[in-house]
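Dear colleague,

Please find below the structure that I am handing over to you.

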Amino acid sequence: MSGEYDDLKRRMDGAIAAFKHDLASLRTGRASSNLLDAIQVQAYGTTMPINQVANVSVPEPRMISVSVWDKSMVGAVDRAIRESNLGFNPIVDGTNLRIPLPELNEQRRKELVKISHGYAENARIAVRHVRRDGMEFLKKAEKDGDISEDDHRKRSDQVQTLTDEMIGTIDHLLSDKEAEIMQV
């Protein structure tokens, strides 16, 4: 069961990692290089992520800086950022693009909180699916005679404890993100 427990923990950790990535992509009032992760640039006859044609950095809390490596790609990067529906208007300065982040209004903040709650619920569902798989594995192991009823009960408790810890982590991350979003 130790291997099975480690596998369940690894899968639940994966759900939390995906949740953290989703939260990082939400634009709060603070600049983050992750905000541009989803942007795809038309470059060299193909579509590629922005981080493969430029350096993305955060020189100050409300500014993202994009340093394009190839001068001929500046226009394509600028266009990709403007067309991304993120509401950014880059300022082109040679091969650098400066992206000032506007203040978030109250309505947009509430919208972001709602989106983050959706991400949290998806993460909880993923953790519960892993829990269900673990419980089914234990039921089958007991039925097949691989473990006793007492072992089944003890291991079920371990799986439930792990699940509760993971759900607690998700709730904690969500409340931190909510506070960050609502901070004016």
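Contact, as the word is used in this message, means heavy atoms within 4.5 Å. Please also keep in mind that this is a predicted model.

I begin with helix α2, which covers residues 74–82. Its buried residues are V74, A76, V77, D78, A80 and I81. What lies over these residues? The cover of the buried residues of α2 includes the strands β1 (40–43), β4 (63–68), β5 (91–93) and β6 (96–100).

Next comes the packing of the helices. Two packed helices are described by the angle between their axes and by the distance between those axes. Helix α1 spans residues 2–24, helix α3 residues 106–143 and helix α4 residues 149–182.

For α1 and α3, the angle is about 170° and the axes are 9 Å apart. An angle over 145 degrees counts as roughly antiparallel, and α1 is therefore roughly antiparallel to α3. On the α1 side, the residues that make this contact are E4, L8, R11, M12, A15, F19, D22 and L23. On the α3 side, they include S116, Y119, A120, A123 and F137.

For α1 and α4, the angle is about 10°, with 11 Å between the axes. Angles under 35 degrees count as roughly parallel, so α1 is roughly parallel to α4. Among the α1 residues in this contact are Y5, L8, M12, I16, F19 and L23. The α4 residues include Q158, V159, L162, M166, I170 and L174.

Just after α3, G145 takes a positive phi of about 85°.

S116 is located in helix α3. Is S116 buried or exposed? Its relative accessible area is 0%, so S116 is buried. Apart from neighbours within four places in sequence, S116 is in contact with F19, L23, L26, L174 and I181. A polar atom of the S116 side chain also lies 2.7 Å from the backbone oxygen of V113.

R124 is likewise found in helix α3. Its relative accessibility is 14%, and R124 therefore counts as buried, the limit for that class being under 20%. Its side chain makes a polar contact of 2.9 Å with the side chain of E121. Leaving out neighbours within four places in sequence, R124 is in contact with I167, I170, D171 and L174. R124 and D171 are 47 residues apart in sequence, and their C-alpha atoms are 9.0 Å apart in space.

V159 belongs to helix α4. V159 is buried, with a relative accessible area of 0%. The C-alpha atoms of V159 and R131 are separated by 6.6 Å, although these residues are 28 residues apart along the chain.

Finally, I turn to the charged side chains. Side chains of opposite charge can pair when their charged atoms come close. How many salt bridges does the structure hold? There are 14 salt bridges in the structure, and three of them are described here.

- R10 and D7 meet through their side chains in a salt bridge of 2.4 Å, N to O. Because they are 3 residues apart in helix α1, about one helical turn separates them. R10 is exposed, with a relative accessible area of 52%, whereas D7 is partly exposed at 25%.
- R98 and D93 form a salt bridge at 3.4 Å, N to O. R98 is partly exposed, with a relative accessible area of 34%, and D93 is partly exposed at 45%.
- D133 and R132 form a salt bridge at 3.6 Å, N to O. D133 is partly exposed at 24% relative accessible area, and R132 is partly exposed at 39%.

D133 and R132 also belong to a network of salt bridges that links R11, R132, D133 and E136.

With kind regards

How values were computed. Residues are numbered from 1 along each chain as its sequence is written. This is a predicted model: local features need pLDDT of at least 70, side-chain atom pairs count only at pLDDT 80 or more; totals for chains, interfaces and linings use all residues. Side-chain values use heavy atoms; hydrogens and water are left out. Helices (H or I, at least four residues) and strands (E, at least two) are DSSP runs, numbered from the N terminus. Buried means under 20% relative accessible area, exposed over 50%, partly exposed in between (1.4 Å probe, protein chains only). A polar contact is a pair of N or O atoms within 3.5 Å; within protein, one must be able to donate a hydrogen and the other to accept it, and residues adjacent in sequence count only if both atoms are side-chain atoms. A salt bridge is a side-chain nitrogen of Lys or Arg within 4 Å of a carboxyl oxygen of Asp or Glu. Axes are lines fitted to C-alpha atoms, for helices over the stretch in contact, and angles run from 0 to 180 degrees between N-to-C directions. Angles under 35 degrees count as roughly parallel, over 145 as roughly antiparallel, 65 to 115 as roughly perpendicular and the rest as oblique.
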